[in-house]
There are 2 protein chains.
Amino acid sequence: MGEESSLIKESTSMNPNMEEEVEERDPESNPLNEPLLKRNRTLSGNPLALVGAKVSYIESLDYEINENDLFKQDWRKRSRAQVFQYIFCKWSLAFLVGLLTGVTATLINLAIENIAGYKLLAVVSFIQKESYLTGFLYFTGVNFLLTFVASVLCVCFAPTAAGPGIPEIKAYLNGVDTPNMYGATVLFVKIIGSIGAVSAGLDLGKEGPLVHIGSCFASLLGQGGPDNYRIKWRWLRYFNNDRDRRDLITIGSSSGVCAAFRAPVGGVLFALEEVATWWRSALLWRTFFSTAVVVVVLRATIELCHEGKCGLFGEGGLIMFDVSDVTVRYNVMDIIPVVIIGILGGLLGSLYNHLLHKVLRLYNLINQKGKMYKLLLSLSVALFTSVCQYGLPFLAKCTPCDPSLPEPVCPTNGRSGNFKQFNCPNGHYNDLATLLLTTNDDAVRNIFSTNTPLEYQPSSIIIFFALYCILGLITFGIAVPSGLFLPIILMGSGYGRLLGIIMGPHTNIDHGLFAVLGAASLMAGSMRMTVSLCVIFLELTNNLLLLPITMIVLVIAKTVGDSFNPSIYEIILHLKGLPFMDANPDPWMRNLTVGELVDVKTAVVSLRGVEKVANIVTALKNTTHNGFPVIDGGVVASTGVANEATELHGIILRAHLIQVLKKKWFLKERRRTEDWEVREKFTWVELAEREGNIEDVAVTKEEMEMFVDLHPLTNTTPFTVLESMSVAKAMVLFRQVGLRHMLVVPKYQASGVSPVIGILTRQDLLAHNILTVFPHLAKSKKKQ
Amino acid sequence: MGEESSLIKESTSMNPNMEEEVEERDPESNPLNEPLLKRNRTLSGNPLALVGAKVSYIESLDYEINENDLFKQDWRKRSRAQVFQYIFCKWSLAFLVGLLTGVTATLINLAIENIAGYKLLAVVSFIQKESYLTGFLYFTGVNFLLTFVASVLCVCFAPTAAGPGIPEIKAYLNGVDTPNMYGATVLFVKIIGSIGAVSAGLDLGKEGPLVHIGSCFASLLGQGGPDNYRIKWRWLRYFNNDRDRRDLITIGSSSGVCAAFRAPVGGVLFALEEVATWWRSALLWRTFFSTAVVVVVLRATIELCHEGKCGLFGEGGLIMFDVSDVTVRYNVMDIIPVVIIGILGGLLGSLYNHLLHKVLRLYNLINQKGKMYKLLLSLSVALFTSVCQYGLPFLAKCTPCDPSLPEPVCPTNGRSGNFKQFNCPNGHYNDLATLLLTTNDDAVRNIFSTNTPLEYQPSSIIIFFALYCILGLITFGIAVPSGLFLPIILMGSGYGRLLGIIMGPHTNIDHGLFAVLGAASLMAGSMRMTVSLCVIFLELTNNLLLLPITMIVLVIAKTVGDSFNPSIYEIILHLKGLPFMDANPDPWMRNLTVGELVDVKTAVVSLRGVEKVANIVTALKNTTHNGFPVIDGGVVASTGVANEATELHGIILRAHLIQVLKKKWFLKERRRTEDWEVREKFTWVELAEREGNIEDVAVTKEEMEMFVDLHPLTNTTPFTVLESMSVAKAMVLFRQVGLRHMLVVPKYQASGVSPVIGILTRQDLLAHNILTVFPHLAKSKKKQ
């Protein structure tokens, strides 16, 4: 890791006005009339990250409850009925998220199965007429067109819709405000793009995008519609805050996984294990409810489609590798191949992570050159894929069908099914065409097929595996919505089945099960999940007897993989420069205090409880800070000490200060206001809005000399740490409680000491940023 | 709730010396030479709870890392090899926990199946000879004897082994040090007692005790053996702290659930959803590993027993209601009975919780009278159970066997199997005997049996349901190891099957499935778990198609139940007075600051950085506090302000102060010590010990005048909150980070203010304790 710094550094040149501003401070804003600690500003890394293909300015989310007077009043005022409304809304939203995700997943599947199905039927009819070239041109042309549509949409309208979206969701739930991720455009592009890209036969899945789609639905529902056409419904206003949106997006992501794999418990666990940073018991339950809704929707549609009303969409579409009819037989000695699969899965998974990292960095360079380059890259990958899928099966020898199989089973010529005839004479099938010239879902189903030990020649499996290794590396980074699950499953099943053929004589595990285990091991080796993968595979394969060996494979593959590099999602997070906060602090953080961190940081810009407008404007214009401590002078009540004392009243958000300026809520004299004065002017609903820019606010010269009472808008209960607190513990606090700003207070108690000596944000606590300022720690880290 | 207060109040009279001590403070210990805030001590509830049958003094656990100089040095010194050792040990321990739990579970099952099996075989042979009275005496006698053994062990040797142990484990993982829970005696009594009680046919399960057994193994392994015979192995010393023990016990509890239900994923989720308070991703993975080990062990034993080497232990023993062969058929209209089951389950579950609460309070009164009463209570319940189980089947009419069933299936006379002959003529069976005169596991298997819609008469099911409702209420509180899962499953399956018979004509869901759903709904209605129960039922029934309807039933039952009362485990926690900290703060806590809390609390007893021995001894003798803030006077480095400043150096634990006194690490003059001086005297391994009592320390008069440098032993990074922090947020911090002490610092910055104005502990933040001091809050709470 660490290579991402170069990326960020390159991009900072695009935002020169954001850094190196010298803060000019009004002497009046400092009640002690002395310069606050002067420190040079080096620590705060530039809060920039690659979202979609654009480098954006990243903010943090407010997961902390902003306990100011207005909030507390509203809280007290809320009647039983309102609380009931809120709870009812929460559950209705969970229901709607599940419903919409389930319906959308069905529609996507329906579209893909029909588009890809009719495409393949046409190709097969050309082949049967032996007009191979026409077939090739048709196949490639349609794929090219589909990719073009998907890619143009992504490139021109919603760059953030490219890729799976899971790393960005993970970052969002960690507290990083990834911009433009949950809009209506993104949702639309993601749905259409995903249909296009998957129908085009590219080596990518619809699973990752479905997770993103679920999250988009959740976010849009929570805020009452797309940004420009929001329903300003009273009930929905309760959800206009980052905390409730976080919960909704968690629900959305697990609905997405559930819809992708028809795995309700797996979906919940995926959100829990991989995506979410905070988790509450109540959320577990609501998430579970929404995945139940998804399952019911999917079940209803499948029943409907059984009656043949869905075109080519029959049994297929939703991956369901049902191996429940297989009698799993294994004994103690079969542990050996299982362990081998696990180890190989870990090795291959980490190798894949390593190579994909390199490829993605290369792609980033290409993509930065412009939209045309992005489009060309996508189209050339599509072309290469089509050529390989169509051309390679000609290399395979035709195999005669097992006479025991009836005619429609071997050979098949339709869309789905094993034993594709392709270019072979009647009564023969082409095993490579069975794997390549089909939809990805069918390919997985075919390679997982059980009780068919002789169906595939080793050479075909080797070609299949090699091809999908290459495709898996080059396809992921292109500008279309793409999931990582399916490419990894395809690769893994290839090497698993290969291993099955090699080990065949020495074990009685079925080759299909080898393929399943291979897929599981590679997923664990690359994505490093265990429990959720295990449950997803359990729900996919519908066979409980597989559970113990799946568990062993997953645990081994993850262990092996972890000893080489981090998980693929973490790699993508770092590559994008998203300031994701890890769960465990590094050991060296115990030897560093937060006092040392703020030492090298910019001085604190603080405001007084009743502040001059001019000072507020200056503070807002000259800094990019999003929170300002509010400090009062005054008498300490309990001890009656003189008025040299200072009091930390709390912290006020930039957004609220801008609201004050916009509404021109100014006082002629320096005085405290009454409750009703504030309530007349502001509602907590308005205060939940984050929009507003200081540049849009016009303040006249007379107004500049007026005052604002900041007390009622100040969050009086900020989380604080002593300056002697270790960075490790501060990080735990920051992450566990979900903070945006953490105030550092002095450990000394004396007159003349400022009650706040610094503010730490997410950027200050990231290991990477700290190590650039304290290089000696990096050395000691390496030594260990 | 709230009734538990009376219990606690009654018990406080037993510990009069613990409360109302007036703290005498040495004026020297306060560097500002002024009395610290004087407040009367009313808030801290008495930290007493009912553990086993005894009222004990409860302490909190140190889940926070105690970052003092020694710790940090050790941390820095740890080599790569030691880190590797630590990780290796962690995994080995997880493996061993799984292995031992799996083996023990097998042995328990083996013992129960054989004891109960031979008992029932003998009874059947008496009945076949029509010597009903002898049969009755034999049956009752054996059951009486078995209960006697279980109960005597529990009453005399390990009172904490009674009950399931799950609430206590839940409290432990929340940070409450429940004493005498994880010793070798408890483990032994739990194993033998569980075998006795379950073999005696009492209405209780081995599932809860297995969770406790798993946790005991984990704790014992982590500390290297029973208290008196510990292995002082160097590698194990790393685990001698509360944090690692917490992780181990989490692993143990999930292994226990896994062993009980053969549900590896369900076990992990049970620990996650119900038991654990803190959870980390790494723990998820290790827990998963240990449940995988359990499953492999169970599988191996079952294979072994298939060969008939285990006496009467054949297929049975491990509950496995395999309904995978049933073709589940349901359509959209079947949602109606499913919803009805869910609602009824919620109603009955909460009713059961309510009644059990009443019964347990009554039992507590009986149990407090003495050991003899406890024993008598257990034995009378055993007698009642035996009489009912043997006598009631005589009320049922004999049913002729379905002629399509072959002879050994109907009627059966052996131990397990459906269609028991009992007192019926040949070719007939007694359906009530099939349900009552068998082991509990077999009863569940029989009532879950599918494709047997006519097997049971409604009257028999009604008798069965009524009997197990009564037994479920009166059995749980007696002094034997007892699990709650099985009684609830029995009750639930009874009403589920009854509902199936009633609804029969209107639905095509099998009666066996009705029984399964009834059991699931009652569990959700009483225990209020969703995801873990769903997975456990999935793994028990081995049928994925049941998943959607199970989910619906669980969600509805939990929702209905939650609107009446809390879950059964929470009720037991409150009844025992364990200071469990809930996840969500009450709304009224936002309107209360921690400053107000410490206002009514005892004054802070603080120590100076270099303190006189006499002061330390006084502080330790006169208070029961477990942590003391260490405060220094001195110059503020950055501003150069005069030496009237005070500095909060950190917090020191009682245990460490006692160690200092015991080792007589005293200085002649008031000076700071060097690093090596401390390291010579103390190792961090010693500091991990919590034992030691101030009464055992003898300090001479000369020594009293000497000094101790507390700096190297002080945790310099305590978590602090400003006095203006709301109780709600403070509670979130306390729970999320896992604190034992939270320091309250003033929001004022001035000379003459103490840098600490209070210390909050678990007791101070419990809603119940706060409401007794601020009764008006309780009123406003009710109003809402």
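Predicted model: local features only at pLDDT ≥ 70, side-chain atom pairs only at ≥ 80, totals over all residues.
Local features were taken at pLDDT of at least 70 and side-chain atom pairs only at pLDDT 80 or more, whereas totals for chains, interfaces and linings use all residues. Residues are numbered from 1 along each chain as its sequence is written, and chains are lettered from A and ligands numbered from 1 in the order in which they are written.

Chain A is superposed on chain B by a rotation of 180° with 0.0 Å of shift along its axis, at an RMSD of 0.0 Å (least squares on the C-alpha atoms of residues with pLDDT of at least 70 in both copies). This is the relation of a two-fold axis.

The contact (C-beta atoms, placed from the backbone, within 7 Å) takes 70 residues from chain A and 70 residues from chain B. On the side of chain A that touches chain B, helix 10 (residues 281-306) gives the most, with nine residues; helices (H or I, at least four residues) and strands (E, at least two) are DSSP runs, numbered from the N terminus. Because 100% of the interface residues of chain A are also interface residues in chain B, the copies meet through the same surface.

Strand 14 (residues 748-749) of chain A pairs with strand 10 (residues 646-653) of chain B in the antiparallel sense over two bridges, pairing requiring at least two DSSP bridges. The bridge partner of A:Tyr748 in strand 10 of chain B is B:Glu647.

Just after helix 17 of chain A, A:Arg528 takes a positive phi of about 60°.

How values were computed. Contact = placed C-beta atoms within 7 Å.
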